Amino acid sequence: MPVHKAGSRLYRSVPFKHLAKGAAGGSSRSSNVRLNLTPFVDMMTILVTFLLIVFSTNGELIKAQKGLELPKADTKQQLQEAPIITITKTDLSFQGFQVASLDSLLKDENPQMKIEALFLKLDAHSKKTKENLALGGKGADKRAKKACDDAKAGIVSNDYLCPEGLVILQADEDTDARVITMVVTTAKYANFDNVLFAVKVK
């Protein structure tokens with residue numbers, strides 16, 4: 001491979017000479033048609049660096065949220081994809097949509113400890129999951145079907161849980177215990193028996 005003298009190569013390789021001869025009107029005045037790619041390369045480098053930083057190969061299921069500080073734990077297990085109930089310092093939400101404010105929940109004197117709005121959303125999600133598994137729809141996969149068949153047969157594996165009745169609870173560390181109890185009780189009413197608690201490792 002030949003070795004060339006150091007210097008700009010871009011202008012030589014890009015055939016812009018016809019532009020340099022002048023504008024369409026045939027003006028004899030020279031034009032500056034150098035294509036400066038330095039800002040473009042800089043921007044691409046920044047974008048690639050940003051994407052590498054935010055990209056996660058293990059797939060983050062939960063996202064940072066304002067007003068949410070997860071409790072710390074000594075041990076953890078990998079979370080599994082499932083619908084997410086989030087309790088921040090002010091609100092309760094399901095799949096990112098607000099269900100109720102914590103103030104209204106704490107004023108609720110319902111002896112059943114059932115949050116009706118959350119129950120309806122969980123119940124609808126449960127029915128959809130069951131339909132997908134029964135019909136082999138787009139959201140169902142062989143692993144999920146096998147896990148559910150094993151669960152019905154009494155075989156439970158912690159490696160992969162049946163998505164039926166599985167939910168992730170992502171609660172702020174300062175959440176009132178009554179709210180946690182209400183959410184878990186409501187999940188139980190909606191047949192969500194497996195509640196995975198999202199934590200932060202110490």
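I began with K200 and listed its contacts (heavy atoms within 4.5 Å). Leaving aside neighbours within four places in sequence, I found K200 in contact with E69, L70, P71, K72 and A73. K200 and P71 are 129 residues apart in sequence, yet their C-alpha atoms are 5.9 Å apart in space. K200 itself is found in strand 7, residues 200–201. Its relative accessible area is 31%, so K200 is partly exposed; on the scale I used, buried means under 20% relative accessible area, exposed over 50%, and partly exposed in between, with a 1.4 Å probe and protein chains only.

Before going on I noted that this is a predicted model, in which local features need pLDDT of at least 70 and side-chain atom pairs count only at pLDDT 80 or more, while totals for chains, interfaces and linings use all residues. Residues are numbered from 1 along each chain as its sequence is written, and side-chain values use heavy atoms, with hydrogens and water left out.

For the overall picture I counted elements as DSSP runs numbered from the N terminus, helices being H or I with at least four residues and strands being E with at least two. The protein has 7 helices and 7 strands, and along the sequence they follow the pattern α-α-α-β-β-β-β-α-α-α-β-α-β-β. Of its 202 residues, 27% count as buried. Among contacts with a separation of 6 or more, 62% come from residues 24 or more positions apart.

Next I turned to the packing of helix 5 (residues 116–135) on helix 7 (residues 177–189), where the axes are 9 Å apart and the angle is about 40°. That angle makes helix 5 oblique to helix 7, given that angles under 35 degrees count as roughly parallel, over 145 as roughly antiparallel, 65 to 115 as roughly perpendicular and the rest as oblique. The axes here are lines fitted to C-alpha atoms, for helices over the stretch in contact, and the angles run from 0 to 180 degrees between N-to-C directions. Which residues make the contact? Helix 5 brings L118, F119 and L122, and helix 7 brings V183, T186, A187 and Y189. I sorted the residues of this contact into 6 nonpolar, 1 polar and no charged, taking Ala, Val, Leu, Ile, Met, Phe, Trp, Tyr, Cys and Pro as nonpolar, Asp, Glu, Lys and Arg as charged, and the others, Gly among them, as polar.

Also in helix 5 I looked up K130, which is partly exposed with a relative accessible area of 40%. The C-alpha atoms of K130 and P163 are separated by 8.8 Å, although these residues are 33 residues apart along the chain.

Just after helix 6, G154 takes a positive phi of about 90°.

Last, I checked positive phi values in residues other than glycine. Q95 has a phi near 55° and lies in the loop between strand 3 (91–94) and strand 4 (97–101). N191 has a phi near 65°, and its place is in the loop between helix 7 and strand 6 (194–197).
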